[in-house]
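Visitor: Could we go through this structure together? I would like to start with the charged side chains.

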Amino acid sequence: MTQEERKRRSIGERFRRFLSTAEQLEAEDLADQSKRAGAVPLNECLIRQKVTVRGTVTSVTASNQSWLEADLNDGTGTVSLIWMGRRRIECILPGRHLLVTGRLTEEDGRRVIFNPEFEVLS
């Protein structure tokens, strides 16, 4: 690629980012962080596979069944993380970045990982 082509591409990229919404830019950043961490983007994960994903916790709820549920978004999709028998895990809070490993399943049309192993990144 010539220097002129790189310059045009750079200007085009800056213009595209200028026109993008904050949500689109955040999703791109999350997807890039996921790839750099060696995690698989959720939109590429297959059901019944053991997967490692990285993302941001967007919500946390405790169910009536003594389950803790957190939604994790990696910029390409969302997965529900469910810890059975837990009503609270101190470090699982909205806005936290997690690296999660577990078997991906589908329940009621949504992606779920039950009792995942996780690492808090920030």
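Visitor: Which side chain meets that of Glu90 in a salt bridge?

Guide: The partner of Glu90 is Arg88, at 2.0 Å from N to O. A salt bridge here is a side-chain nitrogen of Lys or Arg within 4 Å of a carboxyl oxygen of Asp or Glu. Please note that this is a predicted model, in which local features need pLDDT of at least 70, side-chain atom pairs count only at pLDDT 80 or more, and totals for chains, interfaces and linings use all residues. Residues are numbered from 1 along each chain as its sequence is written, and side-chain values use heavy atoms, with hydrogens and water left out.

Visitor: Are Glu90 and Arg88 buried or exposed?

Guide: Both Glu90 and Arg88 are exposed. Exposed means over 50% relative accessible area, buried under 20%, and partly exposed in between (1.4 Å probe, protein chains only).

Visitor: How many salt bridges are there in the whole structure?

Guide: The search finds two. Arg110 forms a salt bridge with Glu69, with the closest N and O atoms 2.6 Å apart. That pair links distant parts of the chain, since Arg110 is in strand 5 (residues 110-114) and Glu69 in strand 2, 41 residues apart. Strands (E, at least two residues) and helices (H or I, at least four) are DSSP runs, numbered from the N terminus.

Visitor: What about Asp74: where is it found?

Guide: Asp74 is in the loop between strand 2 and strand 3. Asp74 is buried yet has no salt bridge, and the nearest side chain of opposite charge, Arg111, is 8.4 Å away. In that count Lys and Arg are positive and Asp and Glu negative, while His and the chain ends are not counted.

Visitor: Which side chain makes a polar contact with that of Asp74?

Guide: The side chain of Thr76 does, at 2.7 Å.

Terms used: Polar contact = N/O pair within 3.5 Å; in protein donor to acceptor, adjacent residues only side chain to side chain.
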